[in-house]
Amino acid sequence: MSSDSQETETETQTGTESGAGATVELADGVEHQVAMVMDLNKCIGCQTCTVACKTLWTEGGGREYMYWNNVETKPGRGYPRDWEEKGGGFESAEQANQEDVHGEREVGELPSAEDWGRPWEFNHEDVMYDGSDESLRPQGPEPEWGPNWDEDQGAGEFPNSYYFYLPRICNHCTHPSCAEACPRKALYKREEDGIVLVDQERCRGYRYCVEGCPYNKVHFNVLSKKSEKCIFCYPRKEAEGPDDEVRPPACATECPPQLRLVGFLDDEDGPIYKLVEEWEVALRLHPEFHTEPNVYYVPPFAPPQHDDEGETVGVERIPRTYLEELFGEQVHEALDTIERERERVERGGESELMELLTTTDMAEQYRLEAFE
Amino acid sequence: MTDDGPSTRTVLLALAVVTVAAVAPTLVAARPANEIPVEEDPPDAEALAEPAGDAWGRVPAADVALASAESSVPNAEDTSVEAVTVRAAQTDGSLFVRLSWDDATADAFTPGAENRTPDVTTFWDAAAIQLPANTSAHPGIAMGSDRTMVNVWYWSAPNTSQELLAGGPGTTTPVGDPAVQTSASYEDGTWHVVFERTLQVDDAGENRTTIEGERDVDVALAVWNGSNAERSGQKAVSEWQYFPLGPGAEGPPYATILWIVAGLAIAVVIVATVLGVQRT
Ligand code: SF4
Ligand code: SF4
């Protein structure tokens with residue numbers, strides 16, 4: 001398969017030189033790369049982001065089942081169900097016996113309508129207006145799965161059960177396997193900001209992108225017979241609203257605890273660059289898929305485990321091994337760094353990292369005009 | 001007449017028999033392997049748009065073998081349809097081509113079932129006819145190239161049609177204002193799909209194949225089985241065939257065969273005459 005337009009020479013950020021100010025490498029032909037950092041310690045699972053996205057982009061017309069932004073409980077099977085096991089992305093260079101950054105593209109599996117969850121029709125009309133005594137519930141066949149079906153289930157045993165929320169959008173990857181999977185090159189990375197889009201004119205509904213994205217962030221619209229995905233709210237970024245204001249994606253602005261930072265990875269004065277490249281505490285989800293995501297997560301902490309008497313014991317509640325499964329080996333250093341800096345502040349010291357993670361300055365948090 | 005008379009006659013007779021025996025089968029199967037005959041003005045021509053209509057019963061058929069296309073898409077070698085039966089007929093205004101093939105499952109987005117939640121894993125059965133955009137060129141079988149474009153008539157279940165232009169895999173682009181219509185039927189495990197192309201088109205030779213009887217027209221066929229997730233380059237395709245639409249209704253192969261027969265007959269007559277003269 002020819003894939004020249006999507007071929008990149010990006011190197012994975014090894015993260016060994018903290019604070020060394022390594023310049024970011026972007027995908028070939030991309031001038032700047034939009035990026036997002038989500039601090040998982042702040043997510044309350046309220047789904048405001050999900051609803052903001054849904055009302056903006058995916059309300060109808062074959063998009064009923066789609067959540068370009070979803071929030072899933074971890075540990076959990078996620079959206080679509082078991083997406084982490086469906087394949088896609090690239091093999092590692094070692095697996096493929098190559099000297100490159102990564103190996104061959106892996107063909108993934110197409111999630112079924114049941115995996116995504118069918119959109120439910122509710123009896124709103126009957127209950128709210130026609131005086132029916134029925135309870136409000138999905139109509140039609142009894143649902144057996146849906147987005148967020150295993151909400152708050154998590155893992156572990158009382159009193160040491162644990163879970164956290166993981167909001168997910170398309171990662172606008174530096175090396176998007178969705179784009180490489182398309183024989184028509186209908187998916188492309190915008191030169192100006194690296195946003196990954198599906199050209200609706202070129203798409204012929206083959207769905208190689210859907211099975212090619214290891215994060216399952218491309219959706220198929222059965223009515224238009226074309227693929228669709230998160231667009232990083234580019235019309236908002238381009239100030240296309242009535243007030244001509246540049247706005248970050250709706251999932252970010254609507255978030256009650258304001259846990260998302262939006263800007264450019266290569267904006268060296270911005271908090272994203274500092275958190276990802278300098279402090280190395282914002283990490284890629286499943287780096288082993290080798291698509292080089294541009295959404296980064298600050299890994300979650302939880303209170304330590306309790307014994308039967310409710311006394312704190314010195315054991316971490318969320319097993320490191322699980323966090324390592326999600327965020328790779330770097331998670332250990334990231335958590336240690338945050339812990340160290342937190343203690344520094346507790347002792348009355350100053351910490352740039354803590355400042356970055358707790359800022360309420362919107363101008364710092366949203367820097368989409370950094371290069372204008 | 002001498003003693004050796006009968007034996008000479010036997011030789012002559014044998015020669016004639018051998019000649020006929022050699023030529024007769026060629027006459028019967030006069031159609032070259034990759035020719036798809038085009039019936040001119042068959043009876044009931046108005047009914048040709050009906051995919052399962054009787055009008056098609058009177059049009060000769062060509063069985064064309066299909067095999068998995070060479071392609072870089074996943075599972076390209078996994079295709080399920082092995083042959084397609086092609087019938088073609090021409091009227092004053094149109095060329096009709098009917099493709100028929102066996103497929104145990106009709107993968108169609110059935111009208112009337114729109115309220116059923118459509119399935120994101122459904123792929124639709126489809127078929128296509130590929131012709132050189134310029135009939136004097138010989139594009140590669142895999143959708144031509146940017147210099148030798150192909151014109152593709154595409155049908156997808158239950159009944160969407162598109163006219164496409166392509167210059168290599170992954171480049172198909174719809175041609176505006178299609179001059180191709182399709183109709184399809186599915187019965188007892190067999191799809192019949194009729195493609196109708198108006199003979200006169202505006203941009204013939206550029207984006208659209210010229211079908212005006214000036215030359216033979218190369219044609220290749222493709223079928224996708226939706227329930228096997230076939231789409232894009234995962235398809236069963238034929239080699240290049242041709243419609244004998246060039247000058248002379250019989251086409252060049254017929255003429256050649258007739259000349260051979262005539263030549264052999266003349267040779268036999270000459271030999272017979274010479275032998276006869278020698279003996280008198
Ligand atoms: S997350 Fe998936 S859909 Fe988004 S750019 Fe990466 S590979 Fe493509
Ligand atoms: S709006 Fe914010 S807090 Fe609520 S679920 Fe989304 S990311 Fe989490």
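Modeller: A:Tyr297 counts as buried, at 1% relative accessibility; buried means under 20% relative accessible area, exposed over 50% and partly exposed in between, with a 1.4 Å probe and protein chains only. This is a predicted model, in which local features need pLDDT of at least 70, side-chain atom pairs count only at pLDDT 80 or more, and totals for chains, interfaces and linings use all residues. Residues are numbered from 1 along each chain as its sequence is written, chains are lettered from A and ligands numbered from 1 in the order in which they are written, and side-chain values use heavy atoms, leaving out hydrogens and water.

A:Phe327 is likewise buried, with a relative accessible area of 1%. Over all chains there are 17 aromatic pairs, where rings of Phe, Tyr and Trp (its six-membered ring) pair if their centres lie within 6.5 Å, and planes under 30 degrees apart count as stacked, over 60 as edge-to-face and the rest as tilted. A:Tyr297 and A:Phe327 form one of them: the ring centres are 6.0 Å apart and the planes stand at 50°, so the pair is tilted. Because A:Tyr297 belongs to strand S12 (residues 295-298) of chain A and A:Phe327 to helix H9 (residues 320-327) of chain A, the pair ties together parts that are 30 residues apart in sequence. Helices (H or I, at least four residues) and strands (E, at least two) are DSSP runs, numbered from the N terminus.

In chain B, B:Trp155 and B:Trp191 make an edge-to-face pair, 4.9 Å centre to centre with 65° between the planes. Strand S7 (residues 150-156) of chain B holds B:Trp155, and strand S11 (residues 190-198) of chain B holds B:Trp191, 36 residues apart. Both B:Trp155 and B:Trp191 are buried.

Beyond its neighbours within four places in sequence, A:Val37 is in contact (heavy atoms within 4.5 Å) with residues including A:Leu275, A:Tyr296 and A:Val298.
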